[in-house]
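Please keep the sequence and the model in view while reading.

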Amino acid sequence: MVNLLDFDLDALSAHCEQLGERPFRAVQLFRWIHQRGASDFSHMTDLARSLREQLPSQAHVAAPPVVSEQASDDGTTKWLFDVGGGNAVETVFIPEAERGTLCVSSQAGCAVGCRFCATGHQGFSRNLTTGEIVGQLWFAEHLLRARLGLAPGERAIDNVVMMGMGEPLQNYGALLPALRVMLDDHGYGLSRRRVTVSTSGVVPMIDRLRDNCPVALAVSLHAPDDALRDQLVPLNRKYPLHELLAACVRYLDAAPRDFVTFEYCMLDGVNDSIEQARALVRLVRDRVSCKINLIPFNPFADSGLQRSPRERVTAFADVLQGAGIVTTVRRTRGDDIAAACGQLAGEVRDRTRVAQRLARGTIPLLPVEPARR
Ligand code: SF4
């Protein structure tokens with residue numbers, strides 16, 4: 001039994017061809033699934049009867065089962081999806097005045113093990129399939145459309161950020177078809193500018209994304225130098241800043257936006273000094289066209305880290321803005337339901353030693369000299 005959410009349009013066409021159907025049948029089927037949220041083949045009235053009769057015995061359309069739903073006071077909604085084997089992943093819908101954003105997970109856990117991230121502390125179990133990635137959008141879009149009473153053709157979600165659990169570029173094989181479904185005019189028809197892949201810096205895969213499916217790019221930077229970034233984002237030891245920034249510059253050749261977004265999580269006493277703001281300016285200015293998004297750290301159990309005070313975030317932002325770098329401070333959404341940035345945890349059966357390494361403190365933080373602040 002195949003899950004048709006695993007297929008982009010090309011793969012669905014090939015599948016229909018195997019069933020003896022013409023390619024345009026795949027377009028009809030794809031539109032029923034993604035544009036109308038249908039999963040019952042008998043309702044797909046314009047499909048050839050032969051296809052309607054064949055499909056139920058060998059295919060289905062199914063998102064991972066929902067374990068729970070939580071709604072925040074600010075309208076943010078978080079779903080926990082059961083992906084089997086004791087693992088569950090989280091997806092967050094963030095409503096805003098002008099748009100609806102869905103934050104999608106790409107892995108059960110994450111092997112990168114960033115110091116400030118709840119997912120990273122849980123370790124890694126497995127990659128999600130394309131169907132499990134697309135299923136988060138399919139489920140949320142059609143549920144929200146029904147709840148909001150939207151007219152046919154109106155969208156609940158017009159912005160997707162691959163910023164949930166996992167490092168999407170370490171699950172590239174499943175990510176790529178999922179992005180194609182999101183962008184396809186017969187699927188969700190999202191603009192390339194409104195689909196963002198966020199990476200901790202998997203340099204070779206940034207190049208592949210540029211070549212295969214350039215969408216908006218966000219990079220988890222979090223430090224202005226290699227010494228600190230090695231500790232906060234362990235992948236930096238493999239792909240240091242000069243390689244990462246060069247990949248960002250190459251990416252911009254094909255990107256739908258003329259800047260890369262650098263995410264910078266503000267950690268009290270770790271990466272938030274004025275000197276570090278100046279170092280960040282020296283790192284990126286005149287090197288890569290960018291926007292910097294300062295993210296208030298969202299504490300979680302055992303993180304051992306604190307959120308930077310508001311005035312320090314403001315002072316840090318002032319330095320960046322004073323140097324002509326477009327800088328935003330992300331408004332925290334959904335922190336009352338642990339849905340804010342860096343808080344997603346789900347349930348992960350760790351099959352690596354990331355969690356143990358972090359727990360044993362082998363990825364310690366160097367103390368920041370007070371004099372540098
Ligand atoms: S910040 Fe992203 S890459 Fe780093 S551990 Fe968390 S999910 Fe993984």
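1. Basis of the note. The model is predicted, so local features are taken only at pLDDT of at least 70 and side-chain atom pairs only at pLDDT 80 or more, while totals for chains, interfaces and linings use all residues. Residues are numbered from 1 along each chain as its sequence is written, and side-chain values use heavy atoms, with hydrogens and water left out.

2. The nonpolar core. The largest nonpolar core has 117 residues, and L29, F116, M182, F262 and I292 touch the most other members. Helix 6 (residues 172–183) gives the largest share of this core, nine residues. Such a core is a set of buried Ala, Val, Leu, Ile, Met, Phe, Trp, Tyr and Cys residues joined through side-chain atoms within 4.5 Å; buried means under 20% relative accessible area, exposed over 50% and partly exposed in between, with a 1.4 Å probe and protein chains only. Helices (H or I, at least four residues) and strands (E, at least two) are DSSP runs numbered from the N terminus. In soluble globular proteins, nonpolar side chains tend to be buried together.

3. Not counting residues up to four places away in sequence, F262 touches V219, L221, L245, C248, V284, V288, C290, K291, I292 and N293. Contact here means heavy atoms within 4.5 Å.

4. Helix 10. Which residues of helix 10 are buried? They are Q276, A277, A279, L280, V281, L283 and V284. Their cover includes helix 8 (226–232), helix 9 (241–252), strand 12, strand 13 (290–296) and helix 11 (310–322).

5. N271 is in the loop between strand 12 (260–266) and helix 10 (274–284). With a relative accessible area of 0%, N271 counts as buried. Its side chain reaches the backbone oxygen of C265 at 2.7 Å, and a polar atom of that side chain lies 2.9 Å from the backbone nitrogen of L267. Beyond four places in sequence, N271 touches H222, L228, L232, Y264, C265, M266, Q276 and F316.

6. Most residues other than glycine have a negative phi, and most peptide bonds are trans. H222 has a positive phi, near 70 degrees, and D286 has a positive phi near 65 degrees. Are these two residues buried or exposed? H222, in the loop between strand 11 and helix 8, is buried, with a relative accessible area of 3%. D286, in the loop between helix 10 and strand 13, counts as exposed at 79% relative accessibility.

7. Helix 7 and helix 9. The axes of helix 7 (residues 203–212) and helix 9 come within 9 Å and cross at roughly 0 degrees. The two helices are therefore roughly parallel to each other. Axes are lines fitted to C-alpha atoms, for helices over the stretch in contact, and angles run from 0 to 180 degrees between N-to-C directions; under 35 degrees counts as roughly parallel, over 145 as roughly antiparallel, 65 to 115 as roughly perpendicular and the rest as oblique. V203, I206, D207, L209 and R210 of helix 7 make the contact with E243, L244, A247, R250 and Y251 of helix 9. By class, this contact has six nonpolar, no polar and four charged residues. Ala, Val, Leu, Ile, Met, Phe, Trp, Tyr, Cys and Pro count as nonpolar, Asp, Glu, Lys and Arg as charged, and the others, Gly among them, as polar.

8. Surroundings of helix 7. V203, M205, I206, D207, L209 and R210 are buried in helix 7. The buried residues of helix 7 pack against helix 6, strand 10 (195–199), strand 11 (216–220) and helix 9.

9. Helix 2 and helix 5. Helix 2 (residues 23–35) packs with helix 5 (residues 130–148) at an angle of about 65 degrees, their axes 9 Å apart. I33, H34 and Q35 in helix 2 meet V134, W138, H142 and R145 in helix 5. The residues of this contact divide into three nonpolar, three polar and one charged.

10. Q28 lies in helix 2 and counts as buried at 17% relative accessibility. Leaving aside neighbours within four places in sequence, Q28 is in contact with D46 and L47. G131 lies in helix 5 and is buried, with a relative accessible area of 2%. Not counting residues up to four places away in sequence, G131 touches L5 and D6.

How values were computed
Polar contact = N/O pair within 3.5 Å; in protein donor to acceptor, adjacent residues only side chain to side chain.
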